[in-house]
Amino acid sequence: MEETPKPMSLLKRDTEKVLEVISKVLMPVLLLVLGTWFNWAQSSNQEKQRQLEQKQADQQRKSELIESYIKHLASTNAMERQLALHIMTLDSAQFDVQLVNLVTAYASVAPPEERITALEALNHASRSKDAAVSSAASKNISAVPAIPTSDADTKTVQQKAAIVNQALQQANVQPTQLGKALDQLHLFK
């Protein structure tokens with residue numbers, strides 16, 4: 001005589017098959033969702049890290065610029081002290097076209113070391129978010145004449161002037177070269 005399947009065992013087998021099908025469908029979906037979330041979290045963290053590194057680089061550049069102006073605060077020239085103090089307090093967003101023009105004029109006529117410092121300030125202004133300031137600074141940098149040096153200048157000033165003069169010659173062709181050269185001047189002490 002044949003036994004008839006019990007309803008509970010049928011229900012149990014059907015439930016197991018349904019759960020097996022559901023797990024086969026849900027597992028890839030769950031893996032997709034978790035993988036997508038992980039990738040999003042990873043890219044979000046990378047973006048935050050990049051922003052933090054950019055902020056630190058900007059702060060480092062500003063501190064180097066301030067460092068280069070500290071010696072000008074002790075100058076006997078009142079205009080030089082005032083200009084250095086004013087520029088030290090500025091973010092690149094606070095440069096205006098008139099200040100860029102004033103710094104450019106100073107970069108054209110000041111003694112070699114002060115001209116280099118003024119060019120560093122113009123390079124700083126060329127990173128301004130204000131398009132007019134950035135454009136004026138970039139244009140003015142390439143308009144600054146070569147920096148003459150003499151034997152009376154220190155070896156460091158002569159080396160910096162040589163780097164800047166070479167970069168000034170290339171600035172008409174590649175404006176970014178002068179910025180790179182000016183950024184590297186802080187290595188000279």
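Let me begin with the conventions. The model is predicted, so local features need pLDDT of at least 70 and side-chain atom pairs count only at pLDDT 80 or more, while totals for chains, interfaces and linings use all residues. Residues are numbered from 1 along each chain as its sequence is written, and side-chain values use heavy atoms, with hydrogens and water left out.

I turn to the overall fold. The protein chain has seven helices and zero strands; helices (H or I, at least four residues) and strands (E, at least two) are DSSP runs, numbered from the N terminus. Buried residues make up 31% of the 189 residues in the chain, where buried means under 20% relative accessible area, exposed over 50%, and partly exposed in between, with a 1.4 Å probe and protein chains only. The accessible surface of the chain comes to about 12700 Å², and 59% of that belongs to carbon and sulfur atoms; accessible areas come from the Shrake-Rupley method with a 1.4 Å probe, and for residues only the protein chains shown count as cover. Contacts (heavy atoms within 4.5 Å) with a separation of 6 or more are 55% accounted for by residues 24 or more positions apart.

Next, the core. A nonpolar core is a set of buried Ala, Val, Leu, Ile, Met, Phe, Trp, Tyr and Cys residues joined through side-chain atoms within 4.5 Å. The largest one holds 22 residues, of which V100, V103, L119 and L122 touch the most other members. Two or more residues come from each of helix 3 (97-109), helix 4 (112-125), helix 5 (131-143) and helix 6 (155-171). Helix 4 supplies the largest share, six residues.

What does L122 touch, beyond residues up to four places away in sequence? Its partners are V100, V103, T104, A107, A137, I141 and V144.

Helix 4 itself is mostly covered, with 13 of its 14 residues buried. From first C-alpha to last it reaches 20 Å, close to the 20 Å expected at 1.5 Å a residue; the expected span is 1.5 Å times one less than the number of residues.

Helix 5 shows a sided arrangement. In helix 5, the buried residues are V133, S134, A136, A137, N140 and I141. They lie on the same side of helix 5 because they cover an arc of only 165 degrees around the axis, the arc being that of the directions from the helix axis to the C-beta atoms. On the face turned away from this buried side are the exposed residues A131, K139 and A143. S134 counts as buried because its relative accessibility is 17%, and S134 touches A125, S126 and S128, not counting residues up to four places away in sequence.

Finally, the charged pairs. With a salt bridge taken as a side-chain nitrogen of Lys or Arg within 4 Å of a carboxyl oxygen of Asp or Glu, the count comes to two. In one, K24 pairs with E20, and the closest N and O atoms are 3.3 Å apart. K24 and E20 are four residues apart in helix 1, so about one helical turn separates them. In the other, R50 pairs with E47 at 2.8 Å between the closest N and O atoms. R50 and E47 are three residues apart in helix 1, so they too are separated by about one helical turn. K24 counts as exposed at 57% relative accessibility, whereas E20 is partly exposed at 43%.
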